[in-house]
Amino acid sequence: FCAEWVQSVVIRTFFVNPVINMNMLTKGIYGRSMKTYRVQQLGVTRQQVKKKRSMIINQARQIQPFHLAIPVNDLEVARHFYGTLLGCEEGRSASTWIDFNLFGHQLVCHYVSNYNASSVANEVDGDPVPVPHFGIALTVEQFHGFADLLKQNKIDFKIQPHLRFVGQPGEQWTMFFKDPSGNALEFKAMTTLENLFAKYFVS
């Protein structure tokens, strides 16, 4: 791309919200030519853009761990599911809760007597997606490796691993399943990592 002339609003947004707009600068705005936008001389050098992109990638690799606490109706069952079947390393624990390392993020299972999660289905690209749900955005390689592990451990998928939003900016691999307390989990992998936060309307 020509770094010396880019739409001013794109450059401003790139520096404020770089994950979305790295794709804008390299491929145009979701497939449309940059020539369709009013451009302005900015005096931005190719070296400056490369330096900013390098910084963005390094920041993305250093995302702070997310903390999530969920209710479960049996701690030992949760320990087996998350620790053994999903392969999450166990951290601290007490008589009423257990910490797990879920792909570098802190998941805490809290004991709640007789708890059974309820969910509703929301259609997403033809799939009845359970809501609420949580999970991790993986790389494509991680996704398939994890899916193989889950299949080996006979996890009951609510939505089988598959590719959705094919040919769109949001194209991604996805799979859904529930833990023994009914909490729904989704693991996904964008086919183009930079599009995780791509802004567009899905028709």
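Is aspartate 99 buried or exposed? At 6% relative accessibility, aspartate 99 counts as buried, where buried means under 20% relative accessible area, exposed over 50% and partly exposed in between (1.4 Å probe, protein chains only).

1. Basis of the note. This is a predicted model, in which local features need pLDDT of at least 70 and side-chain atom pairs count only at pLDDT 80 or more, while totals for chains, interfaces and linings use all residues. Residues are numbered from 1 along each chain as its sequence is written, and side-chain values use heavy atoms, with hydrogens and water left out.

2. The sheet. An open sheet is formed by 4 strands in the order β1-β4-β3-β2, with mixed pairing. Strands (E, at least two residues) and helices (H or I, at least four) are DSSP runs numbered from the N terminus, and two strands pair if DSSP finds at least two bridges between them. β1 and β2 stand at the edges with a single partner strand each, so one side of each has no neighbour in the sheet. On average, neighbouring strands are turned by 25° against each other, direction ignored.

3. β3, β4 and the helix. β3 and β4 run antiparallel and are joined by 6 bridges. Aspartate 99 has valine 108 in β4 as its bridge partner. Helix α4 packs on the sheet and touches β1, β2, β3 and β4; its direction makes about 10° with that of β3. Contact here means heavy atoms within 4.5 Å, and axes are lines fitted to C-alpha atoms, for helices over the stretch in contact, with angles from 0 to 180 degrees between N-to-C directions.

4. The structure holds 5 salt bridges, each a side-chain nitrogen of Lys or Arg within 4 Å of a carboxyl oxygen of Asp or Glu. In one of them, arginine 79 pairs with glutamate 90, the closest N and O atoms being 2.9 Å apart. Arginine 79 lies in helix α4 and glutamate 90 in strand β2 (residues 89-93), so this pair ties together parts 11 residues apart in sequence. Both count as partly exposed, arginine 79 at 24% relative accessibility and glutamate 90 at 33%. Leaving out residues up to four places away in sequence, glutamate 90 touches Arg79, Ile98, Asp99 and Phe100.

5. Arginine 92 and aspartate 99. These two residues form a salt bridge with the closest N and O atoms 3.2 Å apart. Arginine 92 counts as exposed at 54% relative accessibility, whereas aspartate 99 counts as buried.

6. A buried pair. Glutamate 186 and arginine 164 meet in a salt bridge through their side chains (2.8 Å, N to O). Glutamate 186 is in strand β10 and arginine 164 in strand β8 (residues 157-164), so placed that the pair links distant parts of the chain, 22 residues apart. Both glutamate 186 and arginine 164 are buried.

7. The core. The largest nonpolar core has 28 residues, and Tyr82, Leu86, Leu150, Met175, Phe177 and Phe187 have the most contacts inside it. Such a core is a set of buried Ala, Val, Leu, Ile, Met, Phe, Trp, Tyr and Cys residues joined through side-chain atoms within 4.5 Å. Its largest share, 5 residues, comes from α4. Beyond its neighbours within four places in sequence, methionine 175 is in contact with residues including Phe143, Leu150, Phe157, Glu186 and Phe187.
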